[in-house]
There are 2 protein chains.
Amino acid sequence: MFKFHMPTKVIVGENCVTTNPQELIIGTRALIVTGKSSGKKSGALDDVISVLENEKIPYHVYDKVENNPEINDMIKGGIFARECQADFIISIGGGSPMDAAKAIGVYATNEVNEGFQPYDIFTGKYKNKPLPMVAIPTTSGTGSEVTPYSILTLHKEKTKRSFSCVDCFFKTAFLDGRYTISLPLQVARNTAVDAMCHLIEGYTNKKASPSSDYMALEGLRIIGKHLNALENGNLDINACTELLWASSLGGIVISQTGTTIVHSMGYALTYFCDIPHGMANGYLVYEYLKRVDSVRVSNCLCALGIKSLENFKEYLKKILPRVRNFNEKEIIDWSEISIKARNVASCPYEVTREMEIEIYKSSLM
Amino acid sequence: MFKFHMPTKVIVGENCVTTNPQELIIGTRALIVTGKSSGKKSGALDDVISVLENEKIPYHVYDKVENNPEINDMIKGGIFARECQADFIISIGGGSPMDAAKAIGVYATNEVNEGFQPYDIFTGKYKNKPLPMVAIPTTSGTGSEVTPYSILTLHKEKTKRSFSCVDCFFKTAFLDGRYTISLPLQVARNTAVDAMCHLIEGYTNKKASPSSDYMALEGLRIIGKHLNALENGNLDINACTELLWASSLGGIVISQTGTTIVHSMGYALTYFCDIPHGMANGYLVYEYLKRVDSVRVSNCLCALGIKSLENFKEYLKKILPRVRNFNEKEIIDWSEISIKARNVASCPYEVTREMEIEIYKSSLM
């Protein structure tokens, strides 16, 4: 038995925000959730504000979202949303602002008190539906604009943890390549590799199904068209729009399948070493794939237009520089955390802590 | 700019109705909308009733839906729904019961009176949201389980007319090959050809886009796997389930692109000659494709695994018998109606009434 569910309306193309005001404005008072700079630099925030002012919709901007949002900041965001009396959220940014919007949306309508503790968000124990939301991604990696997932950082557990909530699907996602075209090249590469990993991990996942497989391969075909441009740094508006769409396909795929150990092992690199999420996945994906059934691997490589797994490794090495050295002691520590992740069970093969240590070592040392 | 929107949750697999009661029961009093026999013969009605009785949900059955539902019967269905105080609809059947459910859902919450005339359904002028609905297809052709469309017969205009309403998307669609496996072979063929036409018309459509193309080709690949079984009549449970999924892909595709003249010209054959909808489309699709850009046609044929357009024509001839002779006079009459259809504009080439007459003649005489 398999399922497919992705209720978000996706609108793809240049100026899709300003030409679809009725899809952007889904309430009477907006809270814009964004990072410190992504909304402004991309031009998306200006577009959103121009639509809101044109339609005389009052709004507040919450631009305190850090990379890898932390749960306490989300609770503060929820309080701010209530103070503003916002009745819908516009999220602008990469994975962090979009994941943050989902959590803020839940905390906005569910005040933290005796009956609703902060961590209850992970078990779905909230009473009220979150605020309705729309999303405008400014990177093409996370796919969060089309998933019910939000990944939050927990300092207590020294890792990330996700919650999933069907009411957290954005009503609409606006994909405009104009918002990603001026990204620093390394950010464009990291995020494209993140999208690639979603597609690969979805396609090789134990939960892969006829409703996710063809999407995963389509996403990989699209990214494959732009591998040279990602290497050479000549991404044009067409490439940017296509990469956004491929990234959404990745999001739709992992909404059905979840991810694998590439993601759960990568979290440690991000949490402890501040290595960007997509780059961390990119470091690990080759060693993950080496252990996967060869037909599925061949199909991924064929869709990407890459001849062999070794060539794939070489390509990743070229676009993802090593930003730090790693030692055995820390690897052993990380494996203790990452082996507990839920998506270990979604791997197409059995994973032990020893195997994770091996994968970390071969990937990083 | 392109869009993608398909909020229905699709659950595919054997016994998906009985194993997902929480997805089937989306209210407190059910109205089951079905045809005279499809619900019973397929076994779907028994499964639904067993779930409802198990969960102690009161229900009524409205099994008066004829093939090609007529608008006045829909209004009666709406009155019946109000009398039963139903707050959700379970639709079981082929295209007719599913299209009927959408219309009955609208008329149930919007009483026909001075402010709301019967034909206002086509312009979306109703105030209240339709009843929430779920669908259980018992043929694999229409794709109606995943579209916002409902196609009704209008005796006054001697044709069919559709309405589209985002609130008419079913909440969940249950695809179980057990419900189609005992279909008469000719019905299985006609409906598979209908699905094939949705995929082909979507892929060759003027509104085709990156969000519909890969789905269309995937649907055609699946149908292509079962062409022999459709010819020889040995469809097993796996083939039936896959054809249901391909049919849903066709529905998702035409939700984005709409259909073409194959459909609008086919309506006349159904309305005036009682030729089944899929069979009518199958008569016409070769002549439609002959006029389409050759790359798109090749891609469709390649996905189906058919060597040439001539082979495609031969295949359709084998599985779709001619049930009647046609004459020039009636063809000229039909073209007068069909040239007015909205989907004429979605054709990838300019269509004149003369061309439609030519296509009718070459296809039918």
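Guide: Of the 365 residues of chain A, 53% count as buried.

Visitor: What makes a residue count as buried or exposed?
Guide: A residue is buried if 20 or more other C-beta atoms lie within 10 Å of its own, exposed if 12 or fewer, and partly exposed in between, with C-beta atoms placed from the backbone. Keep in mind that this is a predicted model, where local features need pLDDT of at least 70, side-chain atom pairs count only at pLDDT 80 or more, and totals for chains, interfaces and linings use all residues. As for labels, residues are numbered from 1 along each chain as its sequence is written, while chains are lettered from A and ligands numbered from 1 in the order in which they are written.

Visitor: Why is chain A called as compact as a globular protein of its length?
Guide: Its radius of gyration (taken over C-alpha atoms) is set against the globule rule, 2.2 Å times the number of residues to the power 0.38. For 365 residues the rule gives 21 Å and chain A has 20 Å, which is close, so chain A is as compact as a globular protein of that length. Along its principal axes the C-alpha trace of chain A spans about 55 × 50 × 45 Å.

Visitor: What is chain A built from?
Guide: 15 helices and 8 strands. These are DSSP runs numbered from the N terminus: helices are H or I with at least four residues, strands E with at least two.

Visitor: How do you know that both faces of E8(A) are covered?
Guide: A:Thr172 and A:Phe174 on one side are buried, and so are A:Ala173 and A:Leu175 on the other.

Visitor: Which strands pair with E8(A)?
Guide: Two strands pair if DSSP finds at least two bridges between them. E1(A) is joined to E8(A) by 4 bridges and runs parallel to it, with A:Lys9 having A:Thr172 as its bridge partner. Strand E5 of chain A (residues 133-137) also runs parallel to E8(A), with 2 bridges, and there A:Val134 stands opposite A:Thr172.

Visitor: How many domains does the assignment give chain A, and where are they?
Guide: Domain 1 covers 9-178 and domain 2 covers 185-364; such bounds come from an automatic or database domain assignment. Their C-alpha centres lie 25 Å apart. In contact, meaning C-beta atoms placed from the backbone lie within 7 Å, are 26 residues of domain 1 and 26 residues of domain 2 of chain A. The domain 1 side of that contact divides into 7 nonpolar, 14 polar and 5 charged residues. Here Ala, Val, Leu, Ile, Met, Phe, Trp, Tyr, Cys and Pro count as nonpolar, Asp, Glu, Lys and Arg as charged, and the others, Gly among them, as polar.

Visitor: What touches what between the two chains?
Guide: 16 residues of chain B are in contact with 16 residues of chain A. E1(A) and E1(B) run antiparallel, joined by 7 bridges; A:Ile11, for one, stands opposite B:Lys3.

Visitor: Why are the two copies said to be related as by a two-fold rotation axis?
Guide: Superposition is by least squares on the C-alpha atoms of residues with pLDDT of at least 70 in both copies. Chain B goes onto chain A by a rotation of 180° with 0.0 Å of shift along the axis, at RMSD 0.0 Å. The copies are therefore related as by a two-fold rotation axis. In chain B, the C-alpha nearest that axis belongs to B:Pro7, 1.8 Å away.
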